[in-house]
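Welcome, and thanks for taking a look at this chain. Below is a short tour to read alongside the model.

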Amino acid sequence: MSVVVDIINGWLRPYQLDLLTDPSRYRVVLKGRQIGVSDEIALEMVLVASGLIALAPGIEVSPHNCTIVSKRDTEAKDVISKCKEWLRRLRLDEALAPYLETEVYSKSEIKFVRSGYRIISETQNPEAARGKTGHLYLDEYAFYQFQRAIFRAAAASTESRPDLRITLVSTPNGQGDHFHEVWTDGLFYGDWSRHEIDIHKAIEQGMPVDIDAIRRKYTADQFAQEFEC
């Protein structure tokens, strides 16, 4: 069904499309703020959990459950809100609508009737995502209080299935934490693909923001930290 590919290509900027089409089992994303990575992840989870991803040739991701862990409750709810907006847009196409019927449609979970798979959004805690088999997304991971505990517990649920992916996403938060370790240690974490997307790259590839207006709101150090990775 080429309509899925047409929609993806029409809605996503090149750096978002690069992330979606990355076939790696392990992905780590170093990003600036407000550049649309969370929008891509929300769309990716909708496509994967609904099963529509199987109708997009060239995107090697198995339909399955998707669990995303966020730093705070507000971010966790925002992720589901973004998923619901993608659902609204995708349902406008009559050919796709049957894949997008839901039996659970709450503030923390969406479950699809046709595939039986779910999108689950949780807030970081030592037990987050434990025991939930599926694709795993850890958002703003560098700011987690329980990084390694969450990673050990949650990642174990994906390790038994080579078709399931783990994705770490974050703006930088200094050195010495697990996110920094994964990003910088290409020897131990050599099987991880790396995506660095700062605000300059996002603007070059179509992000419609006024960088000067944003820059005026921050000190030079703050702007570099939050938007330039």
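This is a predicted model: local features need pLDDT of at least 70, side-chain atom pairs count only at pLDDT 80 or more; totals for chains, interfaces and linings use all residues.

- How many of the six residues of β1 are buried? Six of the six are, and the strand is mostly covered.
- Both faces of β1 are covered: one side carries the buried residues Y26, V28 and L30, while R27, V29 and K31 are buried on the other.

**The sheet as a whole**

- Eight strands make up an open sheet with mixed pairing, and their order is β3-β4-β5-β2-β6-β7-β1-β8.
- The edges are β3 (102-105) and β8, each of which pairs on one side only.
- On average, neighbouring strands of this sheet are turned by 10° against each other, direction ignored.
- In general, the strands of a sheet pair through backbone hydrogen bonds, in either a parallel or an antiparallel way.
- Elsewhere in the order, β2 (residues 66-70) pairs with β5 (residues 118-123) in the parallel sense over five bridges.
- In that pairing, V69 stands opposite E122 of β5.
- Helix α3 (residues 37-50) packs on the sheet and touches β1 (26-31), β2, β4 (109-112), β5, β6, β7 and β8.
- The direction of α3 makes about 155° with that of β2.

**The nonpolar cores**

- The largest nonpolar core has 47 residues, and M45, V46, L100 and I119 are those with the most contacts inside it.
- Which helix gives the most to this core? That is α3, with nine residues.
- Apart from its neighbours within four places in sequence, I119 is in contact with residues including M45, V46, A49, C66, I80 and C83.
- The contacts of I119 also include S108, E109, I110 and F112.
- A second, separate core has 20 residues, among them V28, L136, I166 and W183.
- V28, a member of that second core, is also one of the buried residues of β1.

**Helix α5**

- Helix α5 (residues 147-159) has 13 residues, so at 1.5 Å a residue it should span 18 Å. Its end C-alpha atoms are 18 Å apart, which agrees with that expectation.
- The buried residues of α5 are Q147, I150, F151, A153, A154, A155, S157 and T158.
- What covers these buried residues includes β6 (135-139), β7 (166-170), α6 (178-184) and β8 (192-197).

**The overall fold**

- Why does the radius of gyration of the chain agree with that of a compact globule? With 229 residues, such a globule would have a value near 17 Å, and the chain has 17 Å.
- Taken along the principal axes, the C-alpha atoms fill a box of roughly 50 × 40 × 30 Å.
- Of the 229 residues, 48% count as buried.
- Among contacts with a separation of 6 or more, 68% are between residues 24 or more positions apart.

Methods:
Residues are numbered from 1 along each chain as its sequence is written. Side-chain values use heavy atoms; hydrogens and water are left out. Helices (H or I, at least four residues) and strands (E, at least two) are DSSP runs, numbered from the N terminus. The expected span of a helix is 1.5 Å times one less than its number of residues. Buried means under 20% relative accessible area, exposed over 50%, partly exposed in between (1.4 Å probe, protein chains only). Contact means heavy atoms within 4.5 Å. Two strands pair if DSSP finds at least two bridges between them. Axes are lines fitted to C-alpha atoms, for helices over the stretch in contact, and angles run from 0 to 180 degrees between N-to-C directions. A nonpolar core is a set of buried Ala, Val, Leu, Ile, Met, Phe, Trp, Tyr and Cys residues joined through side-chain atoms within 4.5 Å. The radius of gyration is taken over C-alpha atoms; the globule rule is 2.2 Å times the number of residues to the power 0.38.
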